Amino acid sequence: MELSVVSGVLLVLITMSILTWTIAFIKFRNFGRADKQSTIFQKEFWDARDWSAGQKVAGDAQGDLATLAKSGYTEYDAFMKNPVSLRFIGEPAEVLQQPMRRTLANIIRHHEHGLSELATVGAISPFVGLFGTVWGIMHALESISKSGAASIDVVAGPIGEALIATAIGIATAIPAVLFYNYFLRRLKLQNMDMEAFLESFLRLASHQIDKK
């Protein structure tokens, strides 16, 4: 029973480690793809000749900024069709800003997937490993007391095996914490870029409305 508990703890830690590296791989890939798409879209969008050309670029593009721009264009078109409706009371920039910020929040939530799991693994895996160590030491001391032998050779083996659980718990936590902090920073930088694009798009849309 005692050995199965320690083995179960080690299995849980190994599963957590696999989960950590799987999430990290997926998020490295997703953030890299998002950065590439945003770089390409920004160049093509701001190089567009006019508002309509920019809309075509947004419609054909993929990525977070393209999604944000599509949201703005959709609301802009609805506003221009019926600007006097109750839905569009207020300054045009404020009217366009609300749906775009909802889109931005959805994008951020999408990129946050996996971060809570990394934080959880980083927080609890040392304690899971410590639990396995304490349980193993209890079992080792019980076996030693029954055998009546207390030499260093007898004690060191079982205690050393029990301490492996703590070592694995720490080894599981460190990458999870590092990945969590790294991806959180990437997300904050990405959010800053999207906020900057949103503000620039709103200024552009307001200028376009003023021309009508």
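Among contacts (heavy atoms within 4.5 Å) in the chain between residues at least 6 apart in sequence, 82% join residues at least 24 apart. The model is predicted, so local features need pLDDT of at least 70 and side-chain atom pairs count only at pLDDT 80 or more, while totals for chains, interfaces and linings use all residues. Residues are numbered from 1 along each chain as its sequence is written, and side-chain values use heavy atoms, with hydrogens and water left out.

**Whole chain.** Helices (H or I, at least four residues) and strands (E, at least two) are DSSP runs, numbered from the N terminus. Of the 212 residues, 37% count as buried, that is, under 20% relative accessible area, with exposed meaning over 50% and partly exposed in between (1.4 Å probe, protein chains only).

**Annotated spans.** Select 6–26, 118–138 and 162–184, which an unreviewed UniProt entry annotates as "transmembrane region"; such annotations may be inferred rather than shown by experiment. Residues 118–138 are 100% helix, with end C-alpha atoms 30 Å apart. Residues 162–184 are also 100% helix, and their end C-alpha atoms lie 34 Å apart.

**Helix H2.** Select residues 51–60, where Trp-51, Ala-53, Gly-54, Val-57 and Ala-58 are buried. They sit on the same side of H2 because they cover an arc of only 160 degrees around the axis, taken from the directions from the helix axis to the C-beta atoms. On the face turned away from that buried side are the exposed residues Ser-52, Lys-56 and Asp-60.

**Second largest pocket.** Select Asn-30, Arg-33, Ala-34, Gln-37, Gly-63, Asp-64, Ile-107, His-110 and His-111, which line this pocket. A pocket is an open set of points on a 1 Å grid over the protein atoms alone, where a 1.4 Å probe fits, with protein on both sides within 12 Å along at least five of seven lines; lining residues have an atom within 4 Å of a point. Its volume, the space filled by probe spheres set on the points, is about 170 Å³. Helix H1 (2–46) and helix H4 (92–112) each supply at least two lining residues, and H1 gives the most, with 4. The lining divides into 2 nonpolar, 5 polar and 2 charged residues, with Gly counted as polar.

**Gln-190.** Finish in helix H6 (residues 152–211), which holds Gln-190. Gln-190 counts as buried because its relative accessibility is 7%. Beyond its neighbours within four places in sequence, Gln-190 contacts Phe-31, Ala-34, Asp-35, Asp-64 and His-111.
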